[in-house]
Amino acid sequence: MIEESQHFETQAVRTQTEKTQFLEHSTPMYLTSGFVFEDAEEMRASFAEEKERNLYSRFSNPNTSEFVDKICKLEGAEDGYAFATGMAAVFSTFAALLNSGDHIVSARSVFGSTHTLFTKYFPKWNIDTSYFTLNEVEKIENLIRPNTKIIYAESPTNPGVDVLDLEWLGNIARKHNLLLIIDNCFATPYLQNPIAFGADLVIHSATKLIDGQGRVLGGVTVGKKDLIREIYLFSRNTGPALSPFNAWVLSKSLETLAVRVDRHCENAFKLAVFLEAHPKVNWVKYPFLKSHLQYKVAKKQMKLGGNIVAFEVTGGVKAGQNFFDNLQMCSLSANLGDTRTIVTHPASTTHSKLADEDKIAVGITDGMVRCSVGLEHIDDIINDIDQALEKL
Ligand SMILES: *Cc1c(COP(=O)(O)O)cnc(C)c1O
């Protein structure tokens with residue numbers, strides 16, 4: 001999907017900031033808050049943006065620029081800006097582009113904190129959001145108002161791993177002259193490139209599979225140059241910038257993204273197949289299982305199915321809790337996309353703030369488990385989950 005001649009893996013490894021006089025092979029860390037100028041005229045010209053260079057690390061830094069350049073190449077984007085967290089990216093993107101009185105049309109099933117932005121904070125600035133659920137996507141056009149500015153969605157969704165048809169959303173956005181913004185966190189740039197399907201902007205929480213090793217927080221927004229310009233100006237004045245150290249870690253992580261995600265997906269698929277045949281499991285959701293309702297759409301827009309498997313254990317809440325307590329290896333944690341397999345109970349943790357009807361609308365049941373499948377040997381992952389199910 002990337003138009004340049006080199007492949008994804010090559011660009012992820014070879015995109016680098018300029019070398020210094022030491023001709024280092026691996027990009028060094030530029031832990032500096034500011035940069036010096038030759039003379040007063042250079043400083044004036046730089047601040048006037050007549051000259052492109054680093055001024056101050058809240059604006060740009062060689063490490064953050066390398067990270068952003070790479071994500072742009074991997075997503076097929078024109079430009080981008082890197083943030084301290086995924087939520088800083090989500091918030092700053094909306095805050096930079098929206099005015100009081102604007103309206104958002106969003107998928108109901110979005111990351112918990114994004115949902116809180118829409119329901120608790122944006123109304124303070126007279127920005128309203130209307131929601132479509134997955135099984136009523138045809139109704140999306142009825143939600144569009146004269147003041148609607150953005151269509152927003154994640155695919156696959158958290159935690160239900162539902163899949164939205166990005167090409168279809170892109171067509172609706174174009175027809176109504178709206179911006180389409182996609183949170184591509186679950187897929188990573190390796191599995192899915194929303195810009196190729198008509199998205200104007202793509203957001204990532206780099207904390208997840210992009211770091212992939214549970215070490216640092218980060219976020220990034222990439223897409224059309226004029227939109228990124230607005231987001232950059234907002235961010236250079238409000239200060240949600242990614243630290244150069246985290247940018248260095250994340251840029252290094254991207255060098256191994258393809259091989260890591262290949263194995264994550266292979267493990268996740270094997271676990272999903274195993275769970276589907278297990279008598280103590282009511283249902284399993286994984287985009288590349290034939291039983292997934294949007295299997296065809298997933299196959300069309302994703303290279304592989306991702307590393308998140310959702311399933312429901314038989315026996316309701318109590319069985320669900322026992323399942324978690326029976327696990328010996330898999331971690332109980334809120335993060336995802338780590339090397340370590342992590343299980344979460346969305347109903348009592350990440351999505352506990354959702355009203356009951358919202359939980360039902362996004363497919364969160366009391367016995368639902370979200371599993372972020374890691375890079376341990378698949379036999380060990382399956383054995384741990386199997387013994388925890390057997391004890392129920
Ligand atoms: C984790 C996550 C975020 C938020 O990212 P942070 O780096 O934790 O701030 C946003 N969207 C999705 C889909 C996520 O999974």
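**Helix packing, ligand and backbone**

Tutor: Helices H11 and H15 are roughly parallel to each other, where roughly parallel means an angle under 35 degrees, roughly antiparallel over 145, roughly perpendicular 65 to 115, and oblique the rest. Helices here (H or I, at least four residues) and strands (E, at least two) are DSSP runs numbered from the N terminus. Bear in mind that this is a predicted model, so local features need pLDDT of at least 70 and side-chain atom pairs count only at pLDDT 80 or more, while totals for chains, interfaces and linings use all residues. Residues are numbered from 1 along each chain as its sequence is written, and side-chain values use heavy atoms, with hydrogens and water left out.

Student: OK, so at what angle do H11 and H15 pack, and how far apart are their axes?

Tutor: The angle is about 30° and the axes are 10 Å apart, for H11 at residues 257-276 and H15 at residues 378-390. The axes are lines fitted to C-alpha atoms, for helices over the stretch in contact, and angles run from 0 to 180 degrees between N-to-C directions.

Student: Which residues make that contact?

Tutor: From H11 you have Asn267, Lys270, Leu271, Phe274 and Leu275, and from H15 Ile378, Ile381, Ile382, Ile385, Asp386 and Leu389. Contact means heavy atoms within 4.5 Å. By class, the H11 and H15 residues come out as 8 nonpolar, 1 polar and 2 charged.

Student: And H4 with H5, how do their axes sit?

Tutor: H4 (residues 86-97) and H5 (residues 112-121) have axes that come within 10 Å and cross at roughly 30°. H4 and H5 are therefore roughly parallel to each other. On the H4 side Met87, Val90, Phe91 and Phe94 meet Ser113, Thr114, Leu117 and Phe118 of H5. That contact has 6 nonpolar, 2 polar and no charged residues.

Student: What about H3 and H10, is the crossing left-handed or right-handed?

Tutor: H3 crosses H10 in a left-handed way. Left-handed means the near helix is turned anticlockwise from the far one by less than a right angle, and right-handed means clockwise. The axes of H3 and H10 (residues 244-254) come within 7 Å and cross at roughly 35°. The contact of H3 with H10 has 8 nonpolar, 3 polar and 2 charged residues.

Student: Switching to the ligand. Which residues come nearest?

Tutor: Gly86, Met87, Asp183, Thr207 and Lys208 come nearest, of 13 residues around the ligand. A residue is near if one of its heavy atoms lies within 4 Å.

Student: Last topic, the backbone. Which peptide bonds are cis?

Tutor: The bond from Ser155 to Pro156 is cis, with omega near -10°, and the bond from Asn158 to Pro159 is cis too, with omega near 0°. Pro156 is in the loop between strand E4 (148-154) and helix H7 (166-175), and Pro159 is also found in the loop between E4 and H7.

Student: And what's the phi of Glu49?

Tutor: Phi is near 60° for Glu49, a positive value in a residue other than glycine. Most residues other than glycine have a negative phi, and most peptide bonds are trans. Glu49 lies in the loop between helix H2 (40-47) and helix H3 (62-75).

Terms used. Nonpolar A, V, L, I, M, F, W, Y, C, P; charged D, E, K, R; others polar.
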